[in-house]
Amino acid sequence: QVQLVESGGGLVQPGGSLRLSCVASGFTSEYYTIAWFRQAPGKEREGVARFSNIDDNTYYADSVQGRFIISSDNAKNTVYLEMNRLKPKDAAVYFCETAPIGLGAFRWTDQDEYDYWGQGTQVTVSS
């Protein structure tokens with residue numbers, strides 16, 4: 001079975017940085033999409049960053065463009081989310097989610113497209 005385990009969250013001051021990790025196992029589809037989503041209290045879960053091997057492209061939400069970077073280490077089956085210049089509005093539980101297909105520019109932000117996700121990791125941005 002597909003399993004995803006997020007880690008790396010914590011407390012950081014505004015303007016600081018964090019690096020989240022997502023270790024994946026049991027995923028064998030030829031094509032896949034992996035994305036980071038986040039959900040703050042009282043708000044909808046939103047897509048933050050995406051990568052798919054169907055096009056080797058990355059996509060980002062406008063709110064994090066230029067500040068966050070999604071990357072991967074295939075040998076370790078790990079996906080990372082580097083978060084820089086963090087703002088209080090970035091505070092949320094961050095989830096790693098996957099789908100066994102390639103999701104394009106207009107589909108990757110739809111949380112319903114994804115089949116698997118981890119337990120989430122809490123990111124708190126506060127001074």
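**Entry 1: terms and ground rules**

I call a residue buried when its relative accessible area is under 20%, exposed when that area is over 50%, and partly exposed in between, using a 1.4 Å probe and protein chains only. Strands are DSSP runs of E with at least two residues, numbered from the N terminus.

I am working with a predicted model, where local features need pLDDT of at least 70 and side-chain atom pairs count only at pLDDT 80 or more, while totals for chains, interfaces and linings use all residues. I number residues from 1 along each chain as its sequence is written, and side-chain values use heavy atoms, with hydrogens and water left out.

**Entry 2: strand β8**

I began with β8: five of its six residues are buried, so this strand is largely enclosed by the rest of the structure.

Next I looked up its partners, counting two strands as paired if DSSP finds at least two bridges between them. β8 and β3 are antiparallel, with six bridges, and I found Val23 bridged to Thr78 of β8. β7 also runs antiparallel to β8, again over six bridges. There, Phe68 sits opposite Met83 of β8. The β7-β8 hairpin has four residues between its strands, and one of note is Asn77, with a positive phi near 50°.

**Entry 3: the sheet**

Which order do the four strands of the open sheet follow? I read it as β1-β3-β8-β7, with antiparallel pairing. β1 (3-7) and β7 are the edge strands, each pairing on one side only. On average, neighbouring strands here are turned by 20° against each other, direction ignored; the angle is taken between N-to-C directions, from 0 to 180 degrees, with axes as lines fitted to C-alpha atoms.

I also checked β1 against β3: five bridges hold this antiparallel pair, and Ser7 faces Ser21 of β3.

**Entry 4: the cores**

A nonpolar core is a set of buried Ala, Val, Leu, Ile, Met, Phe, Trp, Tyr and Cys residues joined through side-chain atoms within 4.5 Å. In soluble globular proteins, nonpolar side chains tend to be buried together.

The largest core has 27 residues, and Trp36, Val48, Phe68, Ile70, Leu81, Met83 and Tyr94 have the most contacts inside it. Strands supplying at least two residues each include β4 (33-39), β5 (46-52) and β9 (92-99). β3 gives the most, with four residues.

What does Tyr94 touch? Taking contact as heavy atoms within 4.5 Å, and leaving out residues up to four places away in sequence, I found Trp36, Val48, Phe68, Leu81 and Met83 among its contacts.

I noted a second, separate core of six residues, including Phe37, Leu103, Trp108 and Tyr114.
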